[in-house]
Amino acid sequence: MSNRVIAFHELDDSQPPGAILIDLAKALGVTTDELLGVRMLKDKADPMAARLVKRLQRIERLPPADQRAVLKFLDALLESKGLVGDLGIQTGA
């Protein structure tokens with residue numbers, strides 16, 4: 001499949017021809033249903049990131065005082081490692 005064919009279908013609102021649908025889906029690493037918009041794209045998240053998100057969601061279920069304690073500890077740890085600026089966090093002067 002040429003770049004010209006792909007570019008044409010990116011600019012056009014029409015669906016790609018059925019003959020190239022499978023090849024196009026394989027090239028993009030998606031299913032044909034995802035390509036056609038029948039099914040939502042699967043989130044191919046890193047398993048480590050997914051575990052971290054689940055842990056953070058459990059922290060959200062804690063009482064507000066406990067949430068603040070966790071975040072205060074996290075901020076202190078990040079600051080001690082010199083990573084505060086990486087997250088756009090500013091500490092009071």
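Mentor: The expected span of a helix is 1.5 Å times one less than its number of residues. Please keep this rule in mind, and remember that the model before us is predicted.

Trainee: How do you know that the span of α5 agrees with this rule?

Mentor: Helix α5 has 17 residues, which should span 24 Å at 1.5 Å a residue.

Trainee: What span does α4 reach, and what is expected of it?

Mentor: The 14 residues of α4 reach 20 Å from first C-alpha to last, which is close to the expected 20 Å.

Trainee: What makes you say that α4 lies largely in the open?

Mentor: A residue is buried when its relative accessible area is under 20%. Of the 14 residues of α4, the number that are buried is zero, so this helix lies largely in the open. In the protein chain, buried residues make up 9% of the 93 residues.

Trainee: Why is Glu34 called buried?

Mentor: The relative accessible area of Glu34 is 10%. The limit is under 20%, so Glu34 counts as buried. Glu34 belongs to helix α3, residues 32–36.

Trainee: Which backbone atom does the side chain of Glu34 reach?

Mentor: The side chain of Glu34 reaches the backbone nitrogen of Thr31, at 2.9 Å. A polar contact requires N or O atoms within 3.5 Å, and the distance of 2.9 Å to Thr31 meets that limit.

Trainee: Why is Leu62 called partly exposed?

Mentor: Partly exposed covers values between the buried limit of 20% and the exposed limit of 50%. Leu62 has 32% relative accessibility, so it counts as partly exposed. Leu62 sits in the loop between α4 (47–60) and α5 (64–80). Leaving aside residues up to four places away in sequence, Leu62 touches Gln67 and Val70.

Trainee: Which residues line the second largest pocket?

Mentor: The lining consists of Leu52, Leu56, Ile59, Val70, Leu71, Phe73 and Leu74. Two or more lining residues come from each of α4 and α5, and α5 gives the largest share, four residues. The space in this pocket is about 160 Å³.

Trainee: What is found just after α5?

Mentor: Just after α5 comes Gly82, which takes a positive phi of about 75°.

Trainee: What does the secondary structure of the whole protein chain come to?

Mentor: The protein chain has five helices and zero strands, and its elements run α-α-α-α-α from the N terminus. Among contacts between residues at least 6 apart in sequence, 0% join residues at least 24 apart. The chain exposes about 8,200 Å², of which carbon and sulfur atoms supply 58%.

Terms used
Residues are numbered from 1 along each chain as its sequence is written. This is a predicted model: local features need pLDDT of at least 70, side-chain atom pairs count only at pLDDT 80 or more; totals for chains, interfaces and linings use all residues. Side-chain values use heavy atoms; hydrogens and water are left out. Buried means under 20% relative accessible area, exposed over 50%, partly exposed in between (1.4 Å probe, protein chains only). Contact means heavy atoms within 4.5 Å. A polar contact is a pair of N or O atoms within 3.5 Å; within protein, one must be able to donate a hydrogen and the other to accept it, and residues adjacent in sequence count only if both atoms are side-chain atoms. Accessible areas come from the Shrake-Rupley method with a 1.4 Å probe; for residues, only the protein chains shown count as cover. On a 1 Å grid over the protein atoms alone, a cavity is a set of points where a 1.4 Å probe fits but cannot get out, and a pocket is an open set with protein on both sides within 12 Å along at least five of seven lines; lining residues have an atom within 4 Å of a point. Grid points are joined across faces, edges and corners, and a volume is the space filled by probe spheres set on the points.
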